[in-house]
Structures are given as structure tokens and as C-alpha cells.
Amino acid sequence: SEIEKIDYLNHIINVDSEVRFIKELEQNLDKLNNIFKWWMFSKLDQTLDEVFIPYWNQRTHKYENYHPDFIFWFEPKNSSKYLIVFVDPHAPTYTDSNWKIDGYRKIFEENCQAKIFPGNRLVKLLMLGPRNTGEEYKDYWVNDFVDFVGKIS
């Protein structure tokens, strides 16, 4: 029934920043369709999906698992690279976000550049929100969907 569908979606996308991101995505689909041969995305559910990035939590002094909210797969029209993008529309604090970015960097970057994995694949991480986290982390933050498209194209 329609109520069951709504309940299911509310379980997955129930945070205001995630809902805003989905609405912006819906309003800007033409931008993605003009840049990419194909693309798809999924909402990650940390209670069901085993997709995470380990990071060192300096507050608890132990490794924890960071679960980004969305994952996108892109095949650009004018490139042979296959792009995977983790997106987090709501980061709890900048400090926590920076630690999560550091965890991402250890796995997916080398010498401050994205590693190219077999099959010409590369992985990016983007956080939505104001970029007042300092120079070192500015490339991981986007303010809106236009900025998002600029970072992935």
C-alpha cells in the first residue's frame, strides 16, 4: 500500500538535510543527464548495508565506522573514468567530519590525489554544508547542488 511505501522511505530518508538533498537532486536531474552517459545512486542504510569508511575518532580514541548517506555511480560522457561518490548531506560537527575525511583519504587517496583503482575507477567523498573547515578540507565540501555537479564533473 501507499502508506507502507511512505513508511519504508521514511525509515531510509528521514533527516531534513537528506530530504532537501533528494529534492534538489530531483529538480536538477537534467544537469546530471547532460554530463553523464549514465548514473545511479542509492541511499545507504547503516542498519542494513555494510558500506563504511573506518576513521580514527580522536574523542573516543578508537577506530569507528563512518557510514556516508548516499553513494553515486557515474560514467562521464567524455571520459573513460568511472566515478563513485559518497555524499553526506548532514555532518554532525566539522571536527567529526574532518576525522571522517581523514579516514577516506587513507583509503582512497595517495599524495593528496584520488587513487585510480582497477577498471579506471576513482572514489570521491563530498559533504554538504558551509565550507568553513579550513583550507585542508575545503575540496570535500559543497554548498548546493550546483557546487556538487561542479565537483563531480
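**Close-up views of a predicted model**

Of the 153 residues in the protein, 39% are buried (buried means under 20% relative accessible area, exposed over 50%, partly exposed in between, with a 1.4 Å probe and protein chains only). This is a predicted model, in which local features need pLDDT of at least 70 and side-chain atom pairs count only at pLDDT 80 or more, while totals for chains, interfaces and linings use all residues. Residues are numbered from 1 along each chain as its sequence is written, and side-chain values use heavy atoms, with hydrogens and water left out.

**View 1. The protein has five helices and nine strands.** Helices (H or I, at least four residues) and strands (E, at least two) are DSSP runs, numbered from the N terminus. Along the sequence the pattern is α-α-α-β-β-β-β-β-α-β-β-β-β-α.

**View 2. Helix 2 covers residues 16–27.** At 1.5 Å a residue, its twelve residues should span 16 Å, and the end C-alpha atoms are 17 Å apart, which agrees; the expected span is 1.5 Å times one less than the number of residues. S17, E18, F21 and L25 are the buried residues of helix 2. Seen down the axis of helix 2, the buried residues fall within an arc of 100°, so they line one face; the arc is that of the directions from the helix axis to the C-beta atoms. The face turned away from the buried side carries exposed D16, R20, E26 and Q27.

**View 3. Five strands form an open sheet with mixed pairing, in the order 1-4-5-8-9.** Two strands pair if DSSP finds at least two bridges between them. Strand 1 (36–43) and strand 9 (141–142) are the edge strands, each pairing on one side only. Strand 1 and strand 4 (residues 70–76) run antiparallel and are joined by seven bridges. F41 has F72 in strand 4 as its bridge partner.

**View 4. F72 has contacts beyond its neighbours within four places in sequence.** These contacts (heavy atoms within 4.5 Å) are with F21, L25, W39, M40, F41, L83, I84, V85, V87 and F148.

**View 5. The largest nonpolar core has 19 residues.** A nonpolar core is a set of buried Ala, Val, Leu, Ile, Met, Phe, Trp, Tyr and Cys residues joined through side-chain atoms within 4.5 Å. L32, F72, F74, V85, F148 and I152 touch the most other members. Helix 2, strand 1, strand 4, strand 5, strand 8 and helix 5 (145–152) each supply at least two residues of this core. Helix 5 gives the largest share, four residues. Another core, of 18 residues, lies apart from this one and includes I53, I71, I84 and V123.
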